[in-house]
Amino acid sequence: ELLYRQGYELIPEAEYSGANQRFDQAFSLWRRRPWFYRYAEAFTEERQYSLASGKYRQLLMEYPFDKQGFLDYAALESRQRFDFERADEILETYRSGYDEEQLLQIVREGAEQGPAAGERAVRQADRLEDAYRFRNFYDIDVLVAQGDNFMLWADREDSSRYEDARLSYATAIEVHGDSDRLLMRMLLYFMRTDNYREVMPLKDFFQADSGAEIDPYIYAELGGYLLDYDELDDAGDVLRRVLAMRTDIPELHFHLSRYFSRVSRPTDEETALNNAISLFEQTEPLTPRQMAMLVDTYGRAGRYHYERNDYLLAEQHFRDGISHYEQARSIGFIEPEERFGSLYAGLGDIHYYIAGELDAALRRFREAESAGYRTREVSYKKGFVHYNRERFEQALDEFMNAAGSFSADPNLLYATANTLYNNENYFSAEGYYLELRDRMERERGLIRNLLVDEDPQHRHVIEYIIRVNNNLGVTQQRIGERTGDPNKSSQGMVQLTRSMEFAENYRRDPETGRRSATTSLSFLNMRETLYPRPEYELQIYQDIPRDFDELEF
């Protein structure tokens with residue numbers, strides 16, 4: 001016993017060879033089966049999975065029909081090493097095996113008592129063999145372990161294994177009856193295969209029975225599944241039931257954070273996010289599903305703090321999530337998804353809006369798209385950066401991506417028109433300016449009481465009329481110069497006049513009503529059109545909005 005304990009205490013000190021030597025010395029003196037488990041579990045805690053596997057193999061060589069040894073060995077291969085095929089082989093070995101030596105001994109003893117006794121012994125051995133095979137083949141713990149291994153296998157590598165999991169669970173139900181334990185597994189199977197029609201009756205069954213044997217991990221996943229289907233009341237009830245059982249399940253707090261966000265309880269949401277991060281970070285090793293949740297949690301925490309103007313903490317969460325994502329991606333643990341790319345986009349927004357670091361923002365937006373986050377908004381922001389760096393060809397490509405097949409968003413129309421103008425594509429620019437001008441004129445016509453100094457949307461409409469008419473006028477002047485068409489130049493003067501009138505009438509001091517001391521760009525352009533000077537070129541309003549929603553720029 002002292003040798004066993006000495007070896008066991010060497011494992012946390014990384015003296016693995018010495019630990020096994022002490023074990024072998026002790027086992028040669030006194031065969032103690034429990035120490036196999038203790039050593040294997042200690043090696044697993046130290047993430048020495050090969051040594052843990054070796055200890056289980058040694059156990060099964062000495063005790064070939066130790067069911068718990070088979071179960072624990074398979075669990076190690078499945079949950080820690082993700083060698084699902086090996087785990088299945090281990091469980092199948094137990095299911096197909098039986099104590100052949102015991103049967104031979106029965107036959108030998110019968111034969112020693114005479115021919116008749118020998119025949120009875122053979123028949124007895126045959127019946128025992130059948131019994132062994134049935135007992136092992138339909139053992140409920142082994143069938144459940146096989147199903148659980150197939151579920152992990154399907155979740156990480158091969159979705160066709162879901163059907164194997166269903167068959168294992170169904171076989172267990174057929175032989176042993178529909179216990180809570182087995183119905184819980186079927187609930188998990190239906191959730192993973194997104195069979196809503198089968199999930200809901202099982203949810204109702206368990207919710208109606210307060211004494212049911214609930215698996216908290218599966219039930220926490222049920223809460224998340226219900227959130228996916230907007231079943232908020234049921235999701236809240238399910239998650240609260242799990243919380244009353246266990247508080248140390250990271251998936252529970254992940255789904256609670258989602259729930260609290262949906263029901264507008266920000267303080268509880270922040271607490272759940274912090275709990276989820278802390279518990280996931282303490283879990284070793286994380287499964288691919290758990291790693292995805294951890295990365296997603298960092299993204300949610302980052303957005304939570306960004307929306308509350310806590311940019312330093314938001315940036316830290318985004319960076320931590322990106323670090324985990326890139327590490328998991330490098331080993332093929334998870335694949336690009338929109339929710340993972342959103343972390344890069346969130347960090348890009350901090351560079352873009354808060355720090356004014358446009359080049360850094362552009363890098364992050366590109367990384368967001370590479371990670372699966374592709375939105376019109378990101379394309380527009382990339383276009384904005386290129387526009388400000390006077391890379392007008394690239395800016396135009398991004399604005400076209402943001403538009404998709406068609407977009408009437410005024411900020412996008414204006415940005416595209418300005419980019420075309422700067423690319424000297426005056427005819428196309430004219431078309432965009434005309435479309436935007438007509439839209440703004442219609443919006444102006446729908447406003448009965450114009451309150452430019454009180455309503456930002458009213459100010460937005462008037463400012464667009466001023467800017468677009470100026471830019472359209474300049475564009476038409478350029479077309480007139482290029483084509484020699486005097487009518488086009490005349491149209492340009494009309495647009496400049498319209499812009500100048502709106503600027504004079506609506507850019508007044510709100511208290512005194514006096515005209516603004518600042519001369520409008522359309523006035524300068526009109527003056528230079530009438531009295532040209534060689535050193536002056538007609539000017540457009542060059543600034544464009546930073547996004548689809550910006551009203552002032």
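Trainee: What makes up the largest share of the lining of the second largest pocket?

Mentor: Helix α17 does, with six residues. Keep in mind that this is a predicted model.

Trainee: How much volume does the second largest pocket have?

Mentor: The volume is about 580 Å³. The lining has 24 residues, and the closest to the pocket's centre are Asp-155, Arg-289, Ala-292, Met-293 and Arg-339. Two or more lining residues come from each of α9, α11, α13, α15, α17 and α19.

Trainee: What makes a residue count as lining the pocket?

Mentor: A lining residue has an atom within 4 Å of a pocket point. For the second largest pocket, 24 residues line it.

Trainee: How do the lining residues of the second largest pocket divide by class?

Mentor: Nine are nonpolar, three polar and twelve charged. Asp, Glu, Lys and Arg count as charged.

Trainee: Now the largest pocket. How much space lies in it?

Mentor: About 1,100 Å³. It is lined by 34 residues, and Arg-79, Leu-152, Tyr-217, Thr-287 and Gln-290 lie nearest its centre. Elements giving two or more residues to this lining include α3 (34-45), α5 (67-80) and α9 (140-156). The largest share, six residues, comes from α9. By class, the lining holds 14 nonpolar, six polar and 14 charged residues.

Trainee: Back to α19. Why is its reach called close to the expected one?

Mentor: Set the two values side by side. From first C-alpha to last, α19 (residues 338-355) reaches 24 Å, against the 26 Å expected at 1.5 Å a residue.

Trainee: What makes α19 mostly covered?

Mentor: Of its 18 residues, 13 are buried. Buried means under 20% relative accessible area.

Trainee: Why is His-460 called buried?

Mentor: Its relative accessible area is 6%. The cut-off is under 20%. His-460 falls below that cut-off, so it counts as buried.

Trainee: Where does His-460 lie?

Mentor: In helix α25, residues 456-483.

Trainee: Which residues are in contact with His-460, leaving aside neighbours within four places in sequence?

Mentor: Asn-411, Glu-550 and Leu-551. Contact here means heavy atoms within 4.5 Å, so each of these three meets that cut-off with His-460.

Conventions
Residues numbered from 1 in each chain as written. Predicted model: local features only at pLDDT ≥ 70, side-chain atom pairs only at ≥ 80, totals over all residues. Heavy atoms only, no water. Helix = DSSP H or I, 4+ residues; strand = E, 2+ residues; numbered from the N terminus. Buried < 20%, exposed > 50% of the residue type's maximum accessible area, 1.4 Å probe, protein only. Expected span 1.5 Å × (residues − 1). 1 Å grid on protein atoms, 1.4 Å probe; cavity = no way out; pocket = protein on both sides within 12 Å on 5 of 7 lines; lining within 4 Å. Points joined across faces, edges and corners; volume = space filled by probe spheres on them.
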